[in-house]
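Here is a short briefing for a first look at this model. Start with the strands, then move on to the other topics.

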Amino acid sequence: MIREPLIFEISARGKRAFVLPKLDVPEDKDLLKGLPLRDEIRGFPEVSEVEVVRHFTRLSQTNYCVDTTFYPLGSCTMKYSPKVNEKVAAMESFLFSHPYAPEELVQGNLEILKTTEDMLGEITGMDAFTLQPSAGAQGELVGMMIIRAFLEKRGDARQVVLIPDSAHGTNPSSAHICGYRVEEIKSNEKGTIDLASLDRAMTERVAALMITNPNTLGIFESDILKIAEIVHARGGLLYMDGANLNALVGRFRPGDMGVDVIHLNLHKTFSTPHGGGGPGAGPVGVKKELAAHLPIPVIVKSEQGYALNFDLPLSVGRVRSFFGNFLVIVKALAYVLSLGPEGLKEVADVAVLNANYIRKSLENVYHLKYTTSTLHECVFSDKFQKEHGVQNIDIAKRLIDFGVHPPTMSFPLIVPGALMIEPTETESKRDLDTFIEAMKKIAREAAEMPAVVKTAPHTSYVRRLDETTAARNPILRWEGKIKE
Amino acid sequence: MYPTDFFYSKDHEWVKIEGDEAIIGITDFAQKQLGDVVYVELPPVGTELDVHQTIGVVESVKAVSDIYSPVAGRVIAVNENLNDSPEMLNSDPHGKGWIIRLKIKDKADTEKLMTATDYEKFLEGIEP
């Protein structure tokens, strides 16, 4: 395949995408007088319309996305996002409402925010929500800030946050940035939190336990009630990373199981697009004892309608400009309303069913370190294939040749050579079978002709990249010469 | 393979005692597990470290991992060469890829660590 040049490399002096018609009215030369005008921006590419269109169309064709490909990226919940959500969010009344508009002109927007908060509260069993954090990791940080504010108000500032080795990788950094020291809790042989270790570690120095449930192995922490009891008995709080809520939505309410603070990822469970299609949103839900510490402003409803309350003396303060990623929240609400309670339950049911179908179909082909039953994702390893010198990265790269986005690799760290697979509920049995067949074929190739796997991908736009050199000597911006 | 005059931790760090100083690095097993190392975060000289406190961070193409201090002491030198050549952790983990040098607080800390023979036995019990 031919490498698509940079648009700067296509550029040639004098080319342009359009030509304005000749002026057919008298020219007013003074109209723009005194304004900082310039004829050109130095270094900007000069290209024709067809070159622009072809360049970006070709680039888009090299992209893997949920709209073109099965995308089993474990822990990321890469579900298909229904287009009706986009349609709703693109309505002019949402698109053109200004964040500085007075409250009385944006009552509908405030109602949307308040309704979403209430629905997330009902879904998770939490008493109050803030929709402001713009991503999961920001949600974690805000959640930890709320815990810190709550404990300090109680006159009981603590130093340590406990995090299991099967938690999401962002949890330790969120706790650390919030000023806590992180201590790790080891998993037991079932892949869940070891209660004895927790019991030992949970002292009066510990502010909170941050759990991911189901954890990154896809295993449900079935001792959640006992875990909550141990944490609460010593005055600590239970934080739940709700990024894996897709496994539980409609079937399990964290708030009923002793969780004090939770963050959700609207761009996972609630189907708003990820990454380039994003941005994200990481709402935080709390129990009523902690509600006074939520970020400002909070939305209040009275007989006069909806209003923003900035007068919350115990609040952790502002965490985001304006009101979070508003249009993302609109999409999430559209998703919840279009599915309804029964539809949401089905999301969790089918997500779990799909993951277990893959797990069962591949359990003798790829090694499963933890055989405990799993929910929405499963973590295989490259143990069998390593005997032939084939590693998880080779398997992941070979999948690209079969039109599948690679799964999450080498995480969680407790599974060496991990391949973490999360199909989500939006994949059909046909797509799952295609994936399973590809995985089986790769396992056969690993045994019979490992070189094919180790040099993959063979059919993609670029072949195996030198990730080590890219990381050691990164070139972060284009530094070519501008054509004069 | 593993130098017999070193001590080893379960987290795959090694310690070499020289007088009242200790040199610390990660083991050959650790570098193999990590894969190509691309970045090493080093502590400032003067940092006081407790046993099992985080020295710094090793980032490889696969993962980001903490390095823990197997003994307590004050950091008196760090291997600045790792800033430009993190690959030394892969090519010579027990030599040029050393990470920090400590003024050791209590030599008894090494009593809880493994000898080379013990460490090799310990590795046999670990799934690679």
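In chain B, strand S8 (residues 73-78) and strand S9 (residues 100-104) pair in the antiparallel sense, over five bridges. Both belong to an open sheet of six strands in chain B. This is a predicted model. It scores ipTM 0.77 and pTM 0.89.

**The sheet of chain B**
- The strand order is S1-S2-S3-S9-S8-S5 (chain B).
- Pairing in this sheet is antiparallel.
- Which strands form the edges? They are strand S1 (6-8) and strand S5 (48-49) of chain B.
- Each of these edge strands pairs on one side only.
- One bridge can be named: Ala77(B) has Arg101(B), in S9(B), as its bridge partner.

**Confidence in chain B**
- Chain B has a mean pLDDT of 94.
- In chain B, 98% of the residues reach 70 or more.
- Where pLDDT is low, the predicted coordinates should not be read in detail.

**Where the chains touch**
- How many residues of chain A are in contact with chain B? Seven residues of chain A are in contact with nine residues of chain B.
- On the side of chain A that touches chain B, three residues are nonpolar, two are polar and two are charged.

**Helix H12 of chain A**
- Is helix H12 (residues 392-401) of chain A mostly covered or mostly open? Helix H12 of chain A is mostly covered, with eight of its 10 residues buried.
- The buried residues of H12(A) are Asn392(A), Ile393(A), Asp394(A), Ile395(A), Ala396(A), Lys397(A), Arg398(A) and Leu399(A).
- Helices are part of what covers the buried residues of H12(A), including helix H11 (383-386), helix H13 (429-448) and helix H14 (450-454) of chain A.
- Strands also take part in covering them: strand S11 (408-409) and strand S12 (418-421) of chain A.
- Just after H12(A) comes Gly403(A), with a positive phi of about 75°.

How values were computed
Residues numbered from 1 in each chain as written. Chains lettered and ligands numbered in written order. Predicted model: local features only at pLDDT ≥ 70, side-chain atom pairs only at ≥ 80, totals over all residues. Contact = placed C-beta atoms within 7 Å. Nonpolar A, V, L, I, M, F, W, Y, C, P; charged D, E, K, R; others polar. Buried ≥ 20, exposed ≤ 12 C-beta atoms within 10 Å, placed from the backbone. Helix = DSSP H or I, 4+ residues; strand = E, 2+ residues; numbered from the N terminus. Pairing = 2+ DSSP bridges. pLDDT = per-residue confidence, 0-100.
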